[in-house]
Amino acid sequence: MTVDSAPARTARLTVLSGPSGVGKGSVYALVRQRYPDVWLSVSVTTRKPRPGEVDGRHYHFVDRAEFQRMAAAGELLEWAEYAGNGYGTPRAPVERRLAAGLPALLEIDLQGARQVRDAMPEARLVFLAPPSWDELVRRLVGRGTEDADTIRRRLELAREELAAEPEFDVTIVNHSIEQAAAELVALLAPTPSKQL
Ligand SMILES: Nc1ncnc2c1ncn2[C@@H]1O[C@H](COP(=O)(O)OP(=O)(O)OP(=O)(O)O)[C@@H](O)[C@H]1O
Ligand SMILES: Nc1nc2c(ncn2[C@@H]2O[C@H](COP(=O)(O)O)[C@@H](O)[C@H]2O)c(=O)[nH]1
């Protein structure tokens, strides 16, 4: 069988991760806007909405009790505590997509990416990297959405997150949001299942 006639690989899960401030949310937002056919998971979080964030679109904003209930009931595919808040991926919508043979994209932190890798080794893990450490700091500080203490905590976590890059299948360097989004979407295209 040639590569051309090989069947398309069944849909799989793609996970976008990377340090705080690298631009994951910006890339995800551009994919949502420019590539409406790409299905993006909407996470639950106990964090308060930032200005402009819409419940049900950017996140499902829930209180701590509801987050704990969902986690205990197994309703989250993965979940993590990140910089003082809970974040998790609702399980049912992702499983429905994959069962229908359709791809799904998650934007989650390193702890969540590791949980997905352990539970679903066939998932593709994509690391979004900054052009440099100084640029990462500039972006996180420049976003202006966190106080100094939160920025400090996120930068401490970012050092650990950057060190985890070799655990990922693919790295995309976020030089520009357009370029990174296009590289990510290109990865979502079905690939031949095997080469004989
Ligand atoms: N390629 C880029 N060039 C310049 N600025 C960028 C780029 N990508 C993102 N930014 C800016 O960097 C800041 C952080 O981006 P964003 O909020 O998307 O990061 P994030 O990885 O989702 O962070 P977090 O994990 O904290 O949610 C934003 O102000 C955004 O506009
Ligand atoms: N493990 C998970 N991490 C998630 C999820 N949704 C988002 N995130 C990550 O949390 C941090 C902080 O996000 P912010 O919006 O408060 O800046 C960032 O790394 C996100 O990728 C999730 O469902 N699970």
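How many bridges join strand 2 to strand 3, and do the two run parallel or antiparallel? I started my notebook with that. I found two bridges between strand 2, residues 44–45, and strand 3, and the two strands run parallel. I keep in mind that this is a predicted model.

**Entry: one bridge up close**
I picked Thr45 and looked for its bridge partner in strand 3. The partner is Phe61.

Four strands make up an open sheet, and I read their order as 3-2-5-4. The pairing is mixed. I then checked the edges. Strand 3 (60–61) and strand 4 (76–82) stand there, and each has a single partner strand, so one side of each has no neighbour in the sheet.

**Entry: helices on the sheet**
Which strands does helix 2 lie across? I followed helix 2, residues 64–72, and found it across strand 2, strand 4 and strand 5 (85–90). Helix 2 runs at about 45° to strand 5. Helix 3, residues 91–99, also packs on the sheet. I noted that helix 3 touches strand 4 and strand 5, and that its direction makes about 30° with that of strand 5.

**Entry: the whole chain**
I counted seven helices and eight strands. The radius of gyration is 17 Å, close to the 16 Å that the globule rule gives for 196 residues, so the chain is as compact as a globular protein of that length. I also looked up the span of the C-alpha trace. Along the principal axes it is about 60 × 40 × 30 Å. Of the 196 residues, 29% count as buried. Residues 24 or more positions apart account for 70% of them.

**Entry: a binding site from the record**
I checked UniProt next. Its unreviewed entry places a "binding site" at Gly18, Pro19, Ser20, Gly21, Val22, Gly23, Lys24 and Gly25. I looked at two of these residues.

Where does Gly23 lie? I found Gly23 in the loop between strand 1 (13–17) and helix 1 (24–34). Gly23 has 25 C-beta neighbours inside 10 Å, and 20 or more make a residue buried, so Gly23 counts as buried. Leaving aside residues up to four places away in sequence, I listed what Gly23 touches: Leu128, Arg139, Asn174, Ile177 and Ala180.

Gly25 sits in helix 1. Is Gly25 buried or partly exposed? I noted 16 C-beta neighbours inside 10 Å, so Gly25 counts as partly exposed.

Conventions:
Residues numbered from 1 in each chain as written. Chains lettered and ligands numbered in written order. Predicted model: local features only at pLDDT ≥ 70, side-chain atom pairs only at ≥ 80, totals over all residues. Pairing = 2+ DSSP bridges. Contact = placed C-beta atoms within 7 Å. Axes fitted to C-alpha atoms, helices over the stretch in contact; angles between N-to-C directions. Rg over C-alpha atoms; globule rule 2.2 N^0.38 Å. Buried ≥ 20, exposed ≤ 12 C-beta atoms within 10 Å, placed from the backbone. UniProt positions renumbered as here; feature names shortened; annotations may be inferred.
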